[in-house]
Amino acid sequence: MSLATASGVWQLLTSRTAPLLLRHLGSSATPRRTEDPRVLTAEEYAKLLEPEAQRRCLEKMRSLPAFPRPKALTPSRREKQTSAVLILLCQERGTHEVSLLYTRRSRHLRSHSFQISFPGGRRDEEDASHADCALRETEEEVGLPRHRIEVWGESCQLHLPRTSLIVPVVGMVRDFSISELRLNLEEVEEAFSVPLNSLIVPKATRHTQFRSGYSGPVFVVDHHRIWGITGYLTHIFLRSLLPANMMPECLKTNIKYVRPFKLPPRPPHHKESQSDPSMRT
C-alpha cells in the first residue's frame, strides 16, 4: 500500500471512530429537572478551582477514615502492590464548565476490561512519587502531557480489599478539550469527560448491592455506569470538593464502598440465578 493510500485509510478510520472514542457528555446528558435541588453556576465552578477550595479538598482527602476491612474478605497478592490514579478536573474550553475525566479500559487487558476508571496504574521504581506515577500513566494512556496538568496534591493511601493500595492524585487542566487526547488503544477503549452538574443530580446517583452482602455508590450518566472502586473514588472526591452550601442532598447519604447488608436465609432447594452471578442492583 502506498503512503498516500495508507494516509487516506487512516483519515477515514479516525474520522469514523474518533467521535466514539473521545466524548464530552455535557450537562444535557443528565436532564436538569425542576426538583433537582443543586445545579452549580459558573461562579460556583470558578470558586471550586480557587486555592482555598484546593486546600480544603486535599485536607479532606488526606483525612479519610481507614477502610473497615470485612473479616470475610481475605488478603490477596494484589494488596501488596501500589498504584496511583489521577482524579482530573477539566475546565472545558469555551464554557469553563468543570468536568471529571474518565477512561474505559481496553478490551485487550486481561483484567477488568471495558470497565470505567480514572487514568492511572501501578507505581514503578522509577516514579519519584505517586503524583509522578499518575502523571506518567495518564500521558501513556490518553496522551495528555504532564505540563498541562496542575497537580493539587496526593490523597491518603487507600487500603481496599482485593486490589492494590491506591493513592488518588488530584489535578486540574485548564482550557481543556476532549479532542486533544490521543488514546493508547492497547490500554484505553475510550475517554470521556463528565460535568460535575451531571454527577450531582438525583437521577445520576445510585448504588450497587452485591450478593456477598455489600453495597457501594454508583453514578449513571447516559449509558455510562461508574461503579466499583471508581464509583467509590468519585463519591469521596465530590464530598471532599464540594462545600456544604454546594452539596446536593443525594451525596449526603455518605454511602460507603462496603456496607454490610444481611441477606435473608435461602429457601430449601434454592438455586443461584445464572443471569447475574456477581451482584444485584
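Here is a short chat about reading helices and cores in a predicted model.

Biologist: What should I know before I start reading this one?

Modeller: It's a predicted model, so local features need pLDDT of at least 70 and side-chain atom pairs count only at pLDDT 80 or more, while totals for chains, interfaces and linings use all residues. Residues are numbered from 1 along each chain as its sequence is written, and side-chain values use heavy atoms, with hydrogens and water left out.

Biologist: Okay, helices. Which residues of α3 are buried?

Modeller: Two terms to begin with. Helices (H or I, at least four residues) and strands (E, at least two) are DSSP runs, numbered from the N terminus. Buried means under 20% relative accessible area, exposed over 50%, and partly exposed in between (1.4 Å probe, protein chains only). In α3, residues 51–61, the buried ones are Ala53, Cys57, Leu58 and Met61.

Biologist: Now α4. How many of its residues are buried?

Modeller: 11 of the 13, so α4 is largely enclosed by the rest of the structure. Its cover includes β2, β3 (98–105), β5 (120–122), β6, β7 and β8 (188–195).

Biologist: Is Arg136 buried or exposed?

Modeller: Arg136, in α4 (residues 130–142), counts as buried because its relative accessibility is 16%. Its side chain reaches the backbone oxygen of Arg122 at 3.3 Å. Leaving aside neighbours within four places in sequence, Arg136 is in contact with Arg122, Asp124, Asp127 and Arg146.

Biologist: Last one: how many residues are in the largest nonpolar core?

Modeller: A nonpolar core is a set of buried Ala, Val, Leu, Ile, Met, Phe, Trp, Tyr and Cys residues joined through side-chain atoms within 4.5 Å. The largest has 44 residues, and Leu89, Tyr102, Trp152, Leu196, Leu199 and Phe237 have the most contacts inside it. Helix α6 gives the largest share, six residues. There's also a second, separate core of 21 residues, including Leu88, Leu101, Ile149 and Val169.

Notes: A polar contact is a pair of N or O atoms within 3.5 Å; within protein, one must be able to donate a hydrogen and the other to accept it, and residues adjacent in sequence count only if both atoms are side-chain atoms. Contact means heavy atoms within 4.5 Å.
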